[in-house]
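Please open the structure in your viewer and keep the selection tool at hand.

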Amino acid sequence: MAKKSRGIDGQLEEIIEEQEEKLNIPDEIPVLMLRDIVVFPYMVIPLFVGREKSKKAVDDALSNDRMILLLTQKDINIEDPKQEDTYTVGTVAVVMRMLKLPDGRVRILAQGLVRAKVEELVEDGPYYSAKVKVIKEPKELPVNIEAEALVRNVRDGLDEASTLGKNIPTEIMIIAANVEEPGRLADLTAANLELKVEEAQALLEVKSPFNRLKKVYELLTKEVELLGVQSKISIEAKGEMDKLQKEFFLKQQMKAIQKELGEGSEIQEEISSYTKKLKKLRVAKEVREELKKQISRLPQMHPESAETAVVRNYLDWMFDLPWNRTTVDNLDLIKAKKILDEDHYGLDKVKERVLEYLGVRKLSKKIRGPILCFVGPPGVGKTSLGRSIARALGRKFYRLSLGGVRDEAEIRGHRRTYVGAMPGRIIQGIRRCSSNNPVFMMDEVDKVGSDFRGDPSSALLEVLDPEQNFSFRDHYLGVPYDLSKVLFITTANMLDTIQPAFRDRMEILRLPGYTEEEKLQIALRHLLPKQIKENALNENLISITKGAIQNVISHYTMEAGVRNLEREIASICRKVARKVAEGKATMTRVTSKNIEKYLGPQKIFRDQLLKKDQVGVTTGVAWTAAGGDIMFVEASKAKGKGILSLTGLLGDVMKESAQAALTYARVHSKEFGIDNRMFSQNDFHIHVPEGAIPKDGPSAGVTMATSLISICTDKKVKCDVAMTGEITLRGYVLPVGGIKEKVLAARRAGVKKMILPLLCKKDLIDIPKKIKKEIEFIFVEEVNEVFEHALVGGNKKQSTTHETK
């Protein structure tokens, strides 16, 4: 085992001069295997020998002519190398001194003489030996200009390396300055460069002195560049250290001055606290730089100044935000479905969409939160559904009401230009939830206003856009905040008042309203237990039968949701609670027979539908913000000049529908057996009751046409038939919207037969099966088909209709 040690003998030059002419190297000499060093000619180096074979090789050399071949291994981990594990070129050296060490190793001082090539390595003996051939350097021609320039460059390179901090002994520098032979200068320089074994061996194998010196110069140039960069880094590091020491000294002085003045201790504690928090905070580089900037401003401010309060408030907000705090989603779809079913009855489409999101979230963690918009009349459970979704996902819930919001700063926040500035309500909600992935509900987005202070709807475009909200910039924070993990849910009663661009960013889910059966189940499962608990009652004090609740639904409420139903149930519970409070703690049983005792006379009457067939009065259905309602269209004629009068606070579209219905009746008068003179000798009046309520839309076209044909033919309209659809001058019936709401309204009113446009047949998929069985649906393409089914006795024109049960 041989290892390199620093040092060189000062008599190298004299030894080489004496032995150069007398060298008589035998054909076979002992070999000393080296692990991690290559020895060059003219090089004196101490070596430590540990392997037994190597020690015996040294002993043999000392007992003969002191010559030994220094040969380098290719792999330092091989203990007994073969010929293929060693390089083929080594250096013949003379062992100058030997010292046996206490640990059994041997220390020798060897001096390189000449290169030699191994022709055969003898491995079987007590030590390695080799048959070698000395590599004689070719006789050099007289030194030319190029060689002389190269020698000078190498000398200059050694000087520069020494200047930059390279540890080169002084005697080496003196020898290098006086050596003229390129080969000797190359070997001397290579021996003092920190070369890898492969690089040093490649140099040793180069025969031409000039080429060897040229290669050495390239390596020396690289070493000088490396030393230059190293020196530059050291100078910069020293300068930085000096700067830090200076800053530390000045800060200590500042602390001492502030201490003498009796100020600064509190703010220094705050700065220290903020700095510790910043070290623990994992945020983007831009956020970190802004926090550092604001913290560095604090020492320069007076503790009592208003600006200091602004900076403190800002830092508190920034450190309180949940930059990386995330709640773990409940990815158990069965459990989530159970929670949704527990909280809400029905609403299958919405539940299915939430479970779809959960399923994708379970498969991929990179999914962005969807933007859902629940659209439906009041009281159908839009807000409570948001809470239920948060509970099913295992997330925090935050509700923000946007009704009447007009200031853009409510969304984007205020700029930090004055005392009292605050972030927008989005960031406030995120901070309150202490989680960056809550369920964030924005109520009443259809009621957002706008004025000179800005347009909140436009500000919400960035919040509710999945392609932008990952870097939402609140004016107060001034840095991006990631909202992509938030599940945004908005609610609205209607879509008409929402900006098109705003509406386009949301996934619309409609909640049209509940059937009476669904209301009954909601009351039994949710509303009744809730009101019993809120009014401090129990099952031993009150019992409300299913019939009583059905009576409340049918005769005391008429709505799409269940809000008024809950109020009526609460009214019953309060009366029973008062009775218990007066000392009458007995069981109170509320039935359909004694319901009037608690709620008074009926408020909604089923006889709102006509009890008998009449001429000129047709039952229509209309979509309203509350879900839907039935609507009567009355028509009459009187002697006159053919003038058409319209009353009932009708909109322009309804007026145009009435005019189209009258024109159709005139054009097709012969088909229905109407005298054409009737239209010129009579005035026609169409009235829609409840004149204080504005009405508009095309869906009353068939209703108005039926009323006009009824008074012109003197045929009665069937009282149990309701209808909806838009008409054209050619007599076609066009599809309309809000079919589910209209069907539910017709069913609540007791309609038995309903006429719908044929293209609306697809909308019945949302109608419960029980309602489909109770109402006969007739689908028409032309208005004369409507007359056939709506008028008593039908009409004369034959047509094809599509009926379904």
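Select residues 333–343, helix α11, and colour A336, I339 and L340: these residues are buried, that is, under 20% relative accessible area with a 1.4 Å probe and protein chains only, whereas exposed means over 50%. Helices here are DSSP runs of H or I of at least four residues, strands are runs of E of at least two, and both are numbered from the N terminus. Now look down the axis of α11: its buried residues fall within an arc of 95°, so they line one face of the helix. The arc is taken from the directions from the helix axis to the C-beta atoms. In general, an α-helix has 3.6 residues a turn, so residues three or four places apart point the same way.

The model is predicted, with pLDDT of at least 70 required for local features and 80 or more for side-chain atom pairs, while totals use all residues. Residues are numbered from 1 along each chain, and side-chain values use heavy atoms, without hydrogens or water.

Next, select I334 and K338, which are exposed on the other side of α11. At the start of α11, select D332: one of its side-chain oxygens comes to within 3.2 Å of the backbone nitrogen of I334.

Finally, display the whole protein. How many helices and strands does the protein have? It has 27 helices and 27 strands. Of its 805 residues, 48% count as buried. Its C-alpha atoms fill a box of roughly 150 × 75 × 55 Å along the principal axes.

Conventions
Polar contact = N/O pair within 3.5 Å; in protein donor to acceptor, adjacent residues only side chain to side chain.
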